[in-house]
Amino acid sequence: MLKKTVLILILFPTCIFATNPIPKDGISGNFDLGMSFTKNTESTFQFNNLFLIKYQLGKSSFSLGNNIAFINKSGEEEILNKGLQNFKYALNSKKLNLNLTLDHMYDISRSIKNRYGSGLGIAYNFTDEDNKKIGFGISALREKEIPLEGDYKIQNRMSGNFDFMIKINKNVTISTKNLYQPNIKQSGDFRWKTNVSFRVNLSPHFLLSINSTFNYDSFPEQGIPESDYQLINSISYTF
């Protein structure tokens with residue numbers, strides 16, 4: 001029974017994040033511009049742009065995101081780039097959410113030419129108040145990764161996440177997202193990602209956002225460090 005359940009989930013892999021109770025119908029989103037600092041084998045500076053649009057219709061929500069960065073490594077003239085494009089459909093209830101996602105990623109700094117993924121998962125909101133949110137999600141992922149050199153590989157992973165948000169006051173919000181993704185077939189192969197975000201409301205539509213992200217991959221491409229750290233400061237426009 002367990003094997004059948006895992007196989008069904010693998011057909012529709014996803015990354016799940018806890019969502020809010022069913023909001024009003026309509027379109028919303030944000031547009032961010034920022035600068036960041038990355039430290040692994042070398043120091044790098046990067047320009048970051050994020051665009052996210054959401055559409056709510058009853059219990060269903062659709063979102064489309066594009067996150068890109070242009071990187072300048074210290075001592076080199078070459079400009080690297082990384083990006084993530086993501087589509088997500090969610091069927092929401094007050095506590096339980098079902099999500100289907102499709103995504104595309106590339107990261108030249110980690111020797112990833114393209115990574116295509118899809119998935120299905122479920123998330124549960126322990127608490128979803130205006131000033132505090134706690135959620136947990138679990139899902140199955142299927143990926144096709146094409147490195148800069150060598151053959152492509154197809155992987156099946158499980159994914160678990162724990163998300164927390166608290167509003168210190170009406171203008172200041174702190175949130176954290178933690179993601180763990182083990183390889184189903186290969187013991188010791190896993191990814192870990194932790195993001196901490198500090199957001200300050202400047203006006204009804206503008207935010208100051210400070211984001212720090214730690215990434216760990218136990219089996220990176222040859223010559224790539226297992227971990228890296230990013231710090232991104234940006235101005236966000238919401239609608």
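Is R157 buried or exposed? I looked this up before anything else. R157 counts as buried, at 2% relative accessibility. I keep in mind that this is a predicted model.

**Entry: partners of R157**

I checked which side chains pair with R157. D189 forms a salt bridge with R157, and their closest N and O atoms are 3.2 Å apart. D189 sits in the loop between β9 (172-182) and β10 (190-201), while R157 is in strand β8, so I note a link between distant parts of the chain, 32 residues apart. D189 is buried, with a relative accessible area of 3%.

E143 also makes a salt bridge with R157, with 3.8 Å between the closest N and O atoms. I placed E143 in strand β7 (residues 132-147) and R157 in strand β8 (residues 153-167), 14 residues apart. Both E143 and R157 are buried.

I then traced the network of salt bridges. It links R115, E143, E145, R157, D189 and R191.

**Entry: K82 and D107**

I counted eight salt bridges in the structure. One joins the side chains of K82 and D107, at 3.4 Å from N to O. K82 lies in strand β4 (residues 79-92) and D107 in strand β5, so this pair ties together parts 25 residues apart in sequence. K82 is buried at 14% relative accessible area. D107 is buried too, at 4%.

**Entry: S111**

Where is S111 found? I located S111 in the loop between β5 (96-107) and β6 (112-128). Its phi is near 65°, a positive value in a residue other than glycine. Most residues other than glycine have a negative phi. S111 is buried, with a relative accessible area of 17%.

Conventions. Residues are numbered from 1 along each chain as its sequence is written. This is a predicted model: local features need pLDDT of at least 70, side-chain atom pairs count only at pLDDT 80 or more; totals for chains, interfaces and linings use all residues. Side-chain values use heavy atoms; hydrogens and water are left out. Helices (H or I, at least four residues) and strands (E, at least two) are DSSP runs, numbered from the N terminus. Buried means under 20% relative accessible area, exposed over 50%, partly exposed in between (1.4 Å probe, protein chains only). A salt bridge is a side-chain nitrogen of Lys or Arg within 4 Å of a carboxyl oxygen of Asp or Glu.
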